[in-house]
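Me: I would like to learn how to read the features of a protein model. Please take them one at a time, with the general idea before the case.

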Amino acid sequence: MSETARVLFAGGGTGGHLFPGIAVAERLMGDVARIGFVGTGSKLERSQALVRGFDYFDVPAVSSSDLRRRPLRSLWCGWRSCRRASTVIEQFRPTAVVGLGGYASAPLVWAAFRRRIPITLLEQNVVPGRATRLLSRWADRVCVSFEETQHCLPRTRDCRWTGNPVRYCRVNTEKVAGDSVVLVLGGSQGARSLNGAMPEVLAKCLVVPSGWQVVHQCGRGDTAAIRRAYRAAGVRARVEPFLENVQQWLESADLVVARAGATTLAEMACAGSTGIVVPYPLATDNHQRANAMWYVRRGAARIVEETSGRDALIEGLVREVGVLLGSREDRRRLGEAMRNISQPDAAAAVASVLSEDLSVLKAA
């Protein structure tokens, strides 16, 4: 790779889009001169980029739902976003742009296309997002996490099956000694229904609560209420808005209950986690359920649906959590199946794709 090249990652908005980009960027460190991230200006994006020494630029973006609700205002905001993206391109002068998915990546990818800057897209989900389907017509290539995803994109696209890049990934075959751990992950944005259900579920399932530690990433806003709920349920729990060292917790957890975001599932696979996944029922194109079923069909996870209301969600979670907490052998089988389908070298694979085309990483 060229040590004078500059790579700009565009997108974010959620950890599921941001962290694969972080993983690839960390892989490129030392091989390129400068790395930058463009996002919507959220605290998560800014802090995660800056703490690693990457540049950060905020570019407001317009979602498809905003466009439907307020078309005139959205068109005006979209024009301003494209103007801002063009300014970032001029300031940073990237030799390559990597789109991380989601509407937040659109203005920068469009600005890069107009300047004929090589573009690579990352698609994390089994069902490609609307942004990827739209932006793929301008991209040079799309790196997909699942082989099946290639069939959902235009055949003219250059698709590479790389897997989903994961931070700090190492395949671990032994759990960390200490308390038995139940890890609850609602994603970086939290999951209100999952947050509200888990204290009640674990109160019913943990026969000897003192032998277990619950670690719950709840997102912003619900922390105090969830802590109170666990105390009222008599369950010892550490509740945090965000877990910086999530991979370490995944490796030490005996059971993980999580949303079915693609990046969360990829991190669970690399850690060999025993997992119960609860797809977010309002996800665009029901993509979280498609992600979950990909793992379920391979015997690597259990699924609990949220479509029938809170009581059904709690009933399903109590059933699945109870079975897995009571069977070490079932937990072992699920964890082994997860580990067998993990792709711990995905970040290196994407970096290799970027380095293939010398024009991508050639000094401007």
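Me: Let us start with strand pairing. Which residue stands opposite Val 98 in β4?

Reply: Strands of a sheet pair through backbone hydrogen bonds, either parallel or antiparallel. In this predicted model, Phe 9 stands opposite Val 98 in β4. The strands concerned are β1 (residues 6–10) and β4, which run parallel and are joined by four bridges.

Me: And in which sense do β4 and β5 pair?

Reply: Strand β4 (residues 96–99) pairs with β5 in the parallel sense, over three bridges. Val 98 faces Thr 120 in β5, and Val 97 stands opposite Ile 119 in β5.

Me: Are the faces of β4 and β5 covered or open?

Reply: Both faces of β4 are covered, with Ala 96 and Val 98 buried on one side and Val 97 and Gly 99 buried on the other. For β5, the buried residues are Ile 119, Leu 121 and Glu 123 on one side, and Thr 120 and Leu 122 on the other. Five of the five residues of β5 (residues 119–123) are buried, so the strand is largely enclosed by the rest of the structure.

Me: What is the strand order in the open sheet of six strands?

Reply: The order is β10-β9-β8-β11-β12-β13, and the pairing is parallel. β10 (237–240) and β13 (302–303) are at the edges with a single partner strand each, so one side of each has no neighbour in the sheet. At the β13 end, β12 and β13 pair in the parallel sense over two bridges. There, Val 277 stands opposite Ile 303 in β13.

Me: Next, nonpolar cores. Which residues touch the most other members of the largest one?

Reply: In soluble globular proteins, nonpolar side chains tend to be buried together. Here the largest nonpolar core has 29 residues, and Met 198, Tyr 230, Leu 317 and Val 321 touch the most other members. At least two residues of this core come from each of β8 (180–185), α7 (192–205), β9 (212–217), α8 (223–233), β11 (255–258) and α12 (310–325).

Me: What does Val 321 touch, not counting residues up to four places away in sequence?

Reply: Val 321 touches Val 201, Leu 202, Cys 205, Leu 255, Val 257 and Ile 276 on that count.

Me: How should I read the buried residues of a helix, and which are they in α5?

Reply: An α-helix has 3.6 residues a turn, so residues three or four places apart point the same way. In helix α5 (residues 106–114), the buried residues are Pro 107, Leu 108, Val 109, Ala 111 and Ala 112. After α5 comes Arg 116, whose phi is positive, near 60°.

Me: Where is Asp 285, and what is near 55° there?

Reply: Asp 285 is in the loop between β12 (275–277) and α11 (287–296). Its phi is near 55°, a positive value in a residue other than glycine. Asp 285 counts as partly exposed because its relative accessibility is 37%.

Me: And what are the phi and the place of Asn 286?

Reply: Asn 286 also has a positive phi, near 50°, and its place is in the loop between β12 and α11. At 34% relative accessibility, Asn 286 counts as partly exposed.

Me: How many cavities of 30 Å³ or more are there?

Reply: Rolling a probe the size of a water molecule over the atoms shows where empty space is left. The count here comes to one cavity of 30 Å³ or more, and the largest cavity holds about 30 Å³ of space. Its lining consists of Pro 20, Leu 122, Glu 123, Gln 124, Cys 143, Ser 145, Thr 162, Gly 163, Asn 164 and Pro 165. By class, that lining has four nonpolar, five polar and one charged residues.

Me: Finally, the chain as a whole. How many helices and strands does it have?

Reply: The secondary structure comes to 14 helices and 13 strands. The chain has 364 residues, and buried residues make up 53% of them. Of the contacts with a separation of 6 or more, 65% are between residues 24 or more positions apart.

Technical notes. Residues numbered from 1 in each chain as written. Predicted model: local features only at pLDDT ≥ 70, side-chain atom pairs only at ≥ 80, totals over all residues. Heavy atoms only, no water. Core = buried A, V, L, I, M, F, W, Y, C linked by side-chain atoms within 4.5 Å. Buried < 20%, exposed > 50% of the residue type's maximum accessible area, 1.4 Å probe, protein only. Contact = heavy atoms within 4.5 Å. 1 Å grid on protein atoms, 1.4 Å probe; cavity = no way out; pocket = protein on both sides within 12 Å on 5 of 7 lines; lining within 4 Å. Points joined across faces, edges and corners; volume = space filled by probe spheres on them. Nonpolar A, V, L, I, M, F, W, Y, C, P; charged D, E, K, R; others polar. Pairing = 2+ DSSP bridges.
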